[in-house]
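I opened this structure to look up a few residues one by one. My notes follow in the order I made them.

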Amino acid sequence: MSEFEVSDIDVDFEDEIIDEFDIAPARLTIDLGALADNWREMAKRSGKARTAAVVKADAYGLGLEDCGVAFYEAGARDFFVAVVQEGMTLRNYAPDARIYVLSGIWPGQEKLFFENDLVPVLVSEEQLAFWMSVTAEFGEHPCALHIDTGFNRLGIPLEDAIAFADDVSRPASFSPVLVLSHLHSGDTPSSELNRRQLESFQRVAAAFEGVPASLAASSGTFLGAEYHFDLTRPGIAVYGGEAVGGVKNPMRPVAKAEARIIQIRDARKGETVSYGGTTTLSRDSRLAIVSAGYADGYLRSLSGSGVPLRGAVPEGAFGFIAGHRVPVVGRVTMDLTIFDVTDVPASKIQAGDYVELFGPNMPLDEVARAGGTIGYELLTSLGLRYERRYIYPDD
Ligand SMILES: *Cc1c(COP(=O)(O)O)cnc(C)c1O
């Protein structure tokens, strides 16, 4: 038998039960108790208005099923998704909830909306005309109207919507259950544009008297009671992200992303680090090579150096380990990121330990800012490689 032939020794791997989470290269902990608390907090801040849950984009990257169930159990009965497929998935977990589809409807999707009891949010005059022909043919089915009050993204133009509200020739089968609009500067409370949109929307709500109205997403909910109308639509705040700039975030963090140190290496003053050699070490250093990169949504723009497009934010992101904030050195790569751990006592970290990329110790929005972006983008970019663990409220 040659030395290299595979032997037939029976290796029994079954004795040891290994928890995938404890050895995952990259892992994500999602605290559903914090999520539910955040939703209840937004419901409290919404005063007399009902509070929806916005679960588009796989619940901001954190999992439509688990987050959807958590919101439902916390009492949410109004949900917003972006596209019909998300609505069909959510229907399995929220049997009697009202599910609004924010991008509205395309011809050919009628059956999906009727069979899954989804509410199209009609965003254009074309969609409106189409929906009237659908309900004329198949009968009454709830819809919502999105009115543009200044965003210039989706929505029926303001004056057209008001004229339509007064149009007595509207078919009786056409029965909107919600009129909504969206603020573009809600995260900047000092912006006068918020009031301008508010006043436009007040005209809409008056024109559609008797139809519930909704204007505020997370940031709009913080703007105060005038902005609440009948239903608020918080997203980012319930996921623990920052909704309003320049003030302390009152929400509980929900997601913690961590990646494992594969190797800790010594490098000398004067050597360079990572692609392009864009960082030259100014001291003898210890570098932790960590198992997450831009393929895991740890964006290349979080690099410590060498990303010209991020010129306005010279410093890169920080991770957190053993009580220390540790900076990213050089460029973030596809699967790996390098952190400078020189200032962490050598006895306190070793290969196999996890660096917190964002979470309770390293605020999501602070990391996002370092990459020239927002918490929303970090969450929705997480990718498929994280081992996920959900913490349930009663755990
Ligand atoms: C995404 C979205 C929301 C939720 O926004 P957040 O800023 O995450 O609270 C609400 N309404 C509409 C129309 C949206 O597109």
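**Notebook: selected residues**

I began with Phe-229, which sits in the loop between α10 (218–222) and β11 (231–232). I kept in mind that the model is predicted.

I looked up the backbone of Phe-229 next and found a positive phi of about 50°, although Phe-229 is not a glycine.

I then turned to Asp-117, in the loop between α6 (110–115) and β6 (118–122). Asp-117 is not a glycine, yet it has a positive phi of about 50°. I noted a relative accessible area of 41% for Asp-117, which therefore counts as partly exposed.

Next I checked a residue with an annotation. In UniProt, an unreviewed entry places the feature "modified residue: N6-(pyridoxal phosphate)lysine" at Lys-56. I located Lys-56 in helix α3 (residues 56–60). Which residues does Lys-56 touch, not counting residues up to four places away in sequence? I listed Phe-80, Val-81, Ala-82, Glu-86 and Leu-102. Lys-56 has 28% relative accessibility, so I put Lys-56 down as partly exposed.

Last, I looked at cysteines. How many disulfides does the structure hold? I wrote down zero. Are Cys-67 and Cys-143 buried or exposed? Cys-67 counts as buried because its relative accessibility is 0%. The cut-off I used for buried is under 20% relative accessible area.

Technical notes: Residues are numbered from 1 along each chain as its sequence is written. This is a predicted model: local features need pLDDT of at least 70, side-chain atom pairs count only at pLDDT 80 or more; totals for chains, interfaces and linings use all residues. Side-chain values use heavy atoms; hydrogens and water are left out. UniProt positions are given in the numbering used here, feature names are shortened, and annotations may be inferred rather than shown by experiment. Helices (H or I, at least four residues) and strands (E, at least two) are DSSP runs, numbered from the N terminus. Buried means under 20% relative accessible area, exposed over 50%, partly exposed in between (1.4 Å probe, protein chains only). Contact means heavy atoms within 4.5 Å. A disulfide is a pair of cysteine sulfur atoms within 2.5 Å.
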